[in-house]
Amino acid sequence: MIQINQPAQKEPFLTRSRIISLILGAAGIFLLACGLWMMRGPGEPPAEVGVDLSSLSLDGWDPSLVHQAYPAGKLVVTTDREDYQSGDLRLLIPILAQDVLVQDDVDAVSLQSGPGLYEYSQLPAADVNANVSIAGHRDVEAAEFYYIDRLSDGDLMYLLYEETVYVYLYESTEIIRLDNWNPIACKEYPCLTLTSCDPIGTFVNRIVVTGRLVDVWELNDQVVFAARADAEIFQNR
């Protein structure tokens, strides 16, 4: 009897386990790419410069005329805030090259179009202790607040509202828990509060930047928005 040996069958290259491994590997690469994209920066802001606050001299607006219309430490909803429409308020942060319209809410849909106004925010005013509180993205969409951790002494921020320019001087930066609402409560003085997520790409904490109202101008074609309080053009107003 002649025995015929059958050739051994080769295992297919793309076995089920290998296909699953390839799919999982591709998914991992995709998720990594998405994560790196979300952590991207929108481009470097202008370089910071030194500041000598001893030379700061403001005139025109009188801070002594401000009165405490809202209870300090409380969250307050005003009629003006309820009537607010997206785009009524414009935020400028020259040192970060940001000039954006403020949206009516801080929900996901609103923040796709830009920073948004908290429900408990007041609108800027020259004579009351309004805390204008705004939230924005650092990691997605236009990432307008990506570099707010770089704001420091001498930096200026502006709100344009109803043909008036409200000038805010940087005061402080702090990192707080996500459930801490104290920063957007009314203070004893008029201020601007900017918040975002921290660290970038997470929802662990919030970064809070505060600026104090230091001047109020009439909006006209001659207004120039200096990035720093020690800028000659700001000093000579």
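A: Here is a walk through that core, strand by strand.

A quick caveat: this is a predicted model, so local features need pLDDT of at least 70 and side-chain atom pairs count only at pLDDT 80 or more, while totals for chains, interfaces and linings use all residues. Residues are numbered from 1 along each chain as its sequence is written, and side-chain values use heavy atoms, with hydrogens and water left out.

The core has 33 residues, and Leu91, Ile134, Leu151, Leu159, Leu192 and Leu194 touch the most other members. (A nonpolar core here is a set of buried Ala, Val, Leu, Ile, Met, Phe, Trp, Tyr and Cys residues joined through side-chain atoms within 4.5 Å; buried means under 20% relative accessible area, with a 1.4 Å probe and protein chains only.) At least two core residues come from each of E1 (89-93), E2 (98-102), E4 (131-135), E5 (156-161), E6 (164-177), E7 (191-198) and E8 (205-218); strands are DSSP runs of at least two residues, numbered from the N terminus. E8 gives the largest share, four residues.

Now zoom in on Leu192. Beyond its neighbours within four places in sequence, Leu192 is in contact with Leu91, Asn131, Val132, Ile134, Met157, Leu159, Tyr168, Val209, Thr210 and Gly211, where contact means heavy atoms within 4.5 Å.

As for the strand pairing, E6 and E8 run antiparallel, joined by 13 bridges, and E5 and E6 also pair in the antiparallel sense, over six bridges. Pairing takes at least two DSSP bridges between two strands.

Note on methods
Buried < 20%, exposed > 50% of the residue type's maximum accessible area, 1.4 Å probe, protein only.
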